[in-house]
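Thank you all for coming.

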Amino acid sequence: QQVQAERVKQMQVLVVGTGEYFAGYVNGARADSDKGSGVVALSLFDIRVRTGTISRIAVCGRDGSKFPGLRQHVEEHIRRKYPATFSSAESTAFETFPADGTVDDKAYETALETFGPGDLALIFVPDDLHYTIAKKCLEKGMHVLITKPPVKTLAENRELAALSEAHNLLCCIEVHKRWDPMYVDARDRMRALGPSALFQSYMSQPAHQLETFRAWAGRASDISYYLNSHHIDFHDWALQGIARPVRVTAHSSNGLANCLQGFPPTVEDTITVVAEWVNAEDGSKAHATYTASWAAPKSDVHTEQRFFYLGRKGQLSIDQGHRGYTKSDASGFGQCNPLYFKWEPSAGRFAGQHGYGYRSIAEFVAAASEVRGGRAVASDFRSSLASVCDSLRSTAILEAGRRSLDAGGRAVVIRYAADGQPEALELEAK
């Protein structure tokens, strides 16, 4: 009976998406970035070994010919890298869908048939697939974690929020900046600086990263959805109950990606979204600019990321890419940020449990375990996890930015419902 009870407590995990963030395996080789060992698989393997809350792990893609190489990559760059943590082959074992050597765009549907209510789904696929897959997982009764942005439209966000609330399910967003101790402290300080005046953010990745995004860049999504979503979520989280966005315009640059073979002629290199905000305290105006690019040169950091905030009572700024910790070795000079994820082994052990990239996954798994065990309900975690129930303003800004670009830079107005949440976007008349 005790053994059976332990099995009931354990959750099965389905990861949809086999790209860089899963295990650091891209185009048949180790990723040419800081994520050569990935984030998701490594975190889940460690959580399974340390806590026992996870049993089976399965990963789903569309091209089964990738899996033999993926398994070898996990063996070389995870299990052998941390032999003291993953001492057996079972510790890093995972199932794969579809079968090796086959291609199936709907393999996740076959995989879902082997999971049940209370299990977990982690979705790390191109942005245009998030909504469809997340909806099917919620309808299956699974708790869902989606990489940012959770969806591309306000309507999709509202539907997932309603579905998760109706069935007492977690539907959360993997926005790891909410676990960065500096960003958490900045959020608390921002809320004490009175009405907002200005927020400026910049985030970029080197142009060679376009090869990683070749399958979807400029087709399924854009650089604003991919990178601006980080700081838009953070800004909205910091100003919850203090201010809200009301009007959005967007502007872009091109000339690099659109000239590369295989990329659509409409793909943008750099996108700036400009949002007008209104402060709740006195109705005064504020504004924000969010800039994202995948046309940056290679530098001492893989991802440039920083912001500046001005409130009526003070200001603050963070350069997340430069924490004052540098290294120089055979791979060259660069910045280190173990606050995000500590890949360097400690005496053969994985020791990255305190990184905010790890915690954003571990805290979701822990919360799901509480809900599954009947010790909590999903709404108990609204204040501690990034729920789709609270991401409507962020989604509205991102969608409005895309609609503004498609309309030649015309403004998009965010309309609000009686409950204070965005309900519609309207293109402003010329």
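Let me begin with a question: what covers the buried residues of helix 6? Before I answer, please keep in mind that this is a predicted model, and that every value I quote is computed from it. The cover over the buried residues of helix 6 includes strand 1, residues 11-16, and helix 5, residues 107-112, together with strand 6, strand 7, helix 7 and strand 8. The buried residues in helix 6 are His130, Tyr131, Ile133, Ala134, Cys137 and Leu138. Just after helix 6 comes glycine 141, which takes a positive phi of about 90°.

From there we move to strand 7, which spans residues 143-147 and is mostly covered, with five of its five residues buried. His143, Leu145 and Thr147 point one way from this strand, whereas Val144 and Ile146 point the other way, and all are buried.

Now for the neighbours of strand 7. On the one hand, strand 6, residues 120-123, pairs with strand 7 in the parallel sense over four bridges, and alanine 121 stands opposite valine 144. The chain gets from strand 6 to strand 7 by way of helix 6, residues 130-139, in a β-α-β crossover that is right-handed. On the other hand, strand 7 also pairs in the parallel sense with strand 8, residues 171-174, again over four bridges, and here valine 144 stands opposite cysteine 171. Strand 7, helix 7, residues 154-166, and strand 8 likewise make a right-handed β-α-β unit.

Within helix 7 I would point out serine 164. Is serine 164 buried or exposed? Its relative accessibility is 2%, and therefore serine 164 counts as buried, the limit being under 20%. Leaving out residues up to four places away in sequence, serine 164 touches Leu138, Leu169, Cys171, Val388 and Cys389. Of these, Leu138 is one of the buried residues of helix 6, and Cys171 is the residue opposite valine 144.

Let me turn to the nonpolar interior. In general, in soluble globular proteins, nonpolar side chains tend to be buried together. In this model the largest nonpolar core has 51 residues, and those with the most contacts inside it are Trp277, Tyr290 and Phe307. Helix 9, residues 223-238, gives this core its largest share, eight residues. A second, separate core has 48 residues, among them Tyr25, Leu42, Phe94 and Tyr340.

Serine 317 is found in strand 14, residues 314-319, and it is exposed, because its relative accessible area is 53% and the limit is over 50%. Beyond four places in sequence, serine 317 touches Phe307 and Phe308.

Back in helix 9, there is also aspartate 233. Which side chain does the side chain of aspartate 233 make a polar contact with? The partner is the side chain of arginine 178, at 2.9 Å. Aspartate 233 has 5% relative accessibility, so it counts as buried, and, with residues up to four places away not counted, it touches Val175, Arg178 and Ser394.

Helix 11, residues 392-406, has 15 residues and reaches 21 Å from its first C-alpha to its last, close to the 21 Å expected at 1.5 Å a residue. Because 13 of those 15 residues are buried, helix 11 is largely enclosed by the rest of the structure. Helix 11 is followed by glycine 408, with a positive phi near 75°.

I will finish with strand 17, residues 412-416, and strand 18, residues 422-427, which run antiparallel and are joined by five bridges. Tyrosine 416 has proline 422 in strand 18 as its bridge partner. The hairpin has five residues between the strands, and in it glycine 420 takes a positive phi near 85°.

Definitions and conventions. Residues are numbered from 1 along each chain as its sequence is written. This is a predicted model: local features need pLDDT of at least 70, side-chain atom pairs count only at pLDDT 80 or more; totals for chains, interfaces and linings use all residues. Side-chain values use heavy atoms; hydrogens and water are left out. Buried means under 20% relative accessible area, exposed over 50%, partly exposed in between (1.4 Å probe, protein chains only). Helices (H or I, at least four residues) and strands (E, at least two) are DSSP runs, numbered from the N terminus. Two strands pair if DSSP finds at least two bridges between them. A crossover is right-handed if, with the strands pointing away from the viewer, the path from the first strand over the helix to the second runs clockwise. The expected span of a helix is 1.5 Å times one less than its number of residues. A nonpolar core is a set of buried Ala, Val, Leu, Ile, Met, Phe, Trp, Tyr and Cys residues joined through side-chain atoms within 4.5 Å. Contact means heavy atoms within 4.5 Å. A polar contact is a pair of N or O atoms within 3.5 Å; within protein, one must be able to donate a hydrogen and the other to accept it, and residues adjacent in sequence count only if both atoms are side-chain atoms.
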